[in-house]
Amino acid sequence: MKIAVTALLLLSLSVPTLAAEPEVVDGDWLGIGSTDARGRQPFNADAVLNRYLLHRGAVAPKAGDSVTGSSGKPVDWEAVAADEKGRVGGTITYAYRAYESDRTRIVMATIDGGGRLWVNGTPYVGDVYRGGMGAVPVLLEKGTNHLFIRGVRGSFKLSFEEAKAPLVLTGRDTTVPDLVHGEAYQGSMAVSVANASLYWLEGVRVVAGDSRVSSSRSTEAVAIPPLGVMKLPVGFVIAEPMAADVKEHTLTVVATSNNGGQDSLEVKLKAKSADKPRRVTFFSDMDGSVQEYSVRPASTPEGRDVVLSLHGAGVDALGQARSYSSKPDMWIVAATNRRPFGFDWQDWGREDAYEVLMDATARFGLSRDGAYLTGHSMGGHGTWNVAANDPDGFLAIAPSAGWSQFDHYGGRPDASSREPWYGADGGSDTLSLIDNLKQVPAFVLHGEDDDNVPASEARRMLDALRAVGASPLSHFEPGKKHWWNGDAAKGADCVDWPGIFEHFRKHPPGPSPLELEWTSVGTDSDVKHHWVEVGQTLRYGERFSLSAVRVPETGAVAVDTSNVRTLRVTMPDDSELSGAWLDGEWVALSTPSNSPWFRRDDDGAWTAATAGWRDGEKRPFQSGPFKRALDAGFALVVGTAGTPDENRELMDRARYDAATWKYRGNGLARVMTDTAFAFSAAAGNVVLYGNADTNAAWDLVFTEDCPIRATRGKLTVGRVSWERDDLGALFVQHRRGGGLAAAFADTGPVGSRLGHSLLTFVSGVGYPDWCVFGPDILTNADGGVIDAGWFDHRWQLQD
């Protein structure tokens, strides 16, 4: 839509929606140290949550009160005073204080250094990494409010700023591109919009404009739930090329709603020369959000090779791109991992890396014949892990200061029921995929005196590669620590090391291999290796592998498989197959084909097939486990058919998950009620909160043969039922009409609140296709899980 400059100027003069001076909630707090061991595992014991937060209205703690968790040692609540800046610190995992409010009101709360704020039993997302992500709407009741802070990172500071209008552009956490001198612009940005009210904001739209903007468009009008916050995309076009003397350009962003007023915000975009590192934005297929990456273009027009660079924890992608010097033949493309901390280049972080690579390749006309992969620290780990899970995806790799896997670095404690959790997160086990990695030429760089990621991590990977016959190259720089520089490169030596790029240049694209050896952790991870593709496995939650040989002279192909139900062979030379040897059995085709599918029948015999899966069956990337449902434009559907107490818990859960996805994944999670969903045309995956009694969308998304059903007071899995009102469950199924349907299910409010202990958006944590649990998880971690498992290729319970 055309933006009128006069109207925008008027809007920019509107009354601010936030008060000028925030109130710091300082003074005396109570703090308590660790009562339970925690780590990257799907269920963690939490004695404080169990005692004070599982049930609303529980008695508040007092100084000297003792709590005993899974560690077996009593831990006392102790007085902790805020310092002169209002920060509260110490060796505490939870903090508590009572807060008096003279009236019921909504404030914008900033939780700097704390992972989660609980107010009267309702959770709100904090800014644990102190990234300045902006405030979130919080309801304070008249009288005494009970505040808990969970996940203190050194120290925290809580402040309240009174909201003056329902719709608030927070002014923080924007995603914006850089403009380029001499070029027009057509692209996207995103801004954070909060609903500081107790009703839904309907028809929320955001546009951007100034005298240069020829058009701007919002995504479709959205509804923001009460006390919700969303990061909304904005597309805009600047038709006039940016002048070379412009260093910064200001746009006015305007947010409107049908029932909550409007707000405006100035956003500054930097303008840069085309040869300098810069930010680029794009729309993500994961959730429709706007994401960013940075590029350092090649120094010559002929340079078209691609180096995908993965940053370390807390590093901005533009800072990563700036750490390199320009190469005549290569573009440096620095992905974001969705956030500077993100997902350790696993889960959605890995998917972000591929989205960035695809966008940059298409946008800048870069080579499609293969890319090179490198990264530092967390990005060094990402280099190992991404390549291990996709051994034909990159021509060569170069991890710097990288660690191997969570089991050796970063904290993933051994669980009491290891199999289902590790089966759901098998891609984390980099070392077990070493036979994949040996196929990828590697150059390993590390500071000998690294005090963050010890050099032993690099040697661990080198030893493992050599043990399986690989010949990796390496360099350990004497006397250097984690991030280091010297005179070897024009950029930072620890990433721009000349040997890395010499290594890359020695490995140009080559012919398709005649022999293959390949292992994948599942059809949710990697399904294609050179000229062989897998559509389904025999058993889910277990790895599959294959070896294959093709003989060009005769056109013969032989494949030996383990745990493979369907596969396809695509001949790289465009020739046609009349059949193939599969596990020693000749399988003939009725008609020669260049790319035939084969299926293993239930009796174990291979036959020719027309496709890799049938309607309603599992298929690649739509086969579970649970976290795969949080993809493909997913929507969070809140039940409203229950009692007021039930509905409140479901709304709290969905709103918190949406805010967590925004915080950790820079994401956009659409939240809608079950009634709104029933009248919508929402495509993609859906995640329900509640049960068949409390969520009216249950039978709209789950089919009649779904083996799991939750109702008020009862949960059924196959032929087994539990009649309790305190159970929680999660599961994923195929959705009526296509896509995935999942549920955070419960049999009552306590079961719903147990979901607040899950680590859904944490990398290195896996949940299988389904899981049932009760309050015992808060005292015994995964030892309190009642049952868990997988669905077969037909979405029925796997034996």
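Modeller: Happy to! First a definition: helices (H or I, at least four residues) and strands (E, at least two) are DSSP runs, numbered from the N terminus. This is a predicted model, in which local features need pLDDT of at least 70, side-chain atom pairs count only at pLDDT 80 or more, and totals for chains, interfaces and linings use all residues. Residues are numbered from 1 along each chain as its sequence is written, and side-chain values use heavy atoms, with hydrogens and water left out.

Helix α11 is followed by N666, a residue with a positive phi, near 50°. G665 belongs to α11, which covers residues 644-665. The helix has 22 residues and spans 31 Å from its first C-alpha to its last, close to the 32 Å expected at 1.5 Å a residue; the expected span is 1.5 Å times one less than the number of residues.

Much of this helix is covered: 18 of the 22 residues in α11 are buried. Here buried means under 20% relative accessible area, exposed means over 50%, and partly exposed lies in between (1.4 Å probe, protein chains only). G665 itself is buried, with a relative accessible area of 0%. Leaving aside residues up to four places away in sequence, G665 touches Q291, R338, R339, F343 and T660, where contact means heavy atoms within 4.5 Å. G665 and F341 are 9.2 Å apart in space, C-alpha to C-alpha, although 324 residues apart in sequence.

Now the charged pairs. Side chains of opposite charge can pair when their charged atoms come close. A salt bridge here is a side-chain nitrogen of Lys or Arg within 4 Å of a carboxyl oxygen of Asp or Glu, and a search of the whole structure finds 43 of them.

One of these joins the side chains of D344 and R40, at 3.5 Å from N to O. D344 is in the loop between β24 (330-334) and α4 (348-364), and R40 is in the loop between β2 (28-32) and α2 (47-53), so this pair ties together parts that are 304 residues apart in sequence. D344 is buried, at 9% relative accessible area.

Another salt bridge brings together the side chains of R105 and E162 (3.4 Å, N to O). This pair links distant parts of the chain, with R105 in strand β8 (residues 105-119) and E162 in strand β11 (residues 143-162), 57 residues apart. R105 is buried, with a relative accessible area of 12%, whereas E162 is partly exposed at 22%.

R736 and E704 also form a salt bridge, with their closest N and O atoms 3.1 Å apart. R736 is partly exposed at 31% relative accessibility, while E704 is exposed at 69%. Salt bridges that share partners also join R56, E649, D652, R655 and R753 into one network.

Finally, the sheet. An open sheet of 5 strands runs in the order β30-β31-β34-β37-β38, with antiparallel pairing. β30 (528-529) and β38 (606-609) stand at the edges with a single partner strand each, so one side of each is left without a neighbour in the sheet. Two strands count as paired if DSSP finds at least two bridges between them. Strand β31 (residues 532-536) runs antiparallel to strand β34 (residues 566-569), and 4 bridges join them. V532 has V569 in β34 as its bridge partner.
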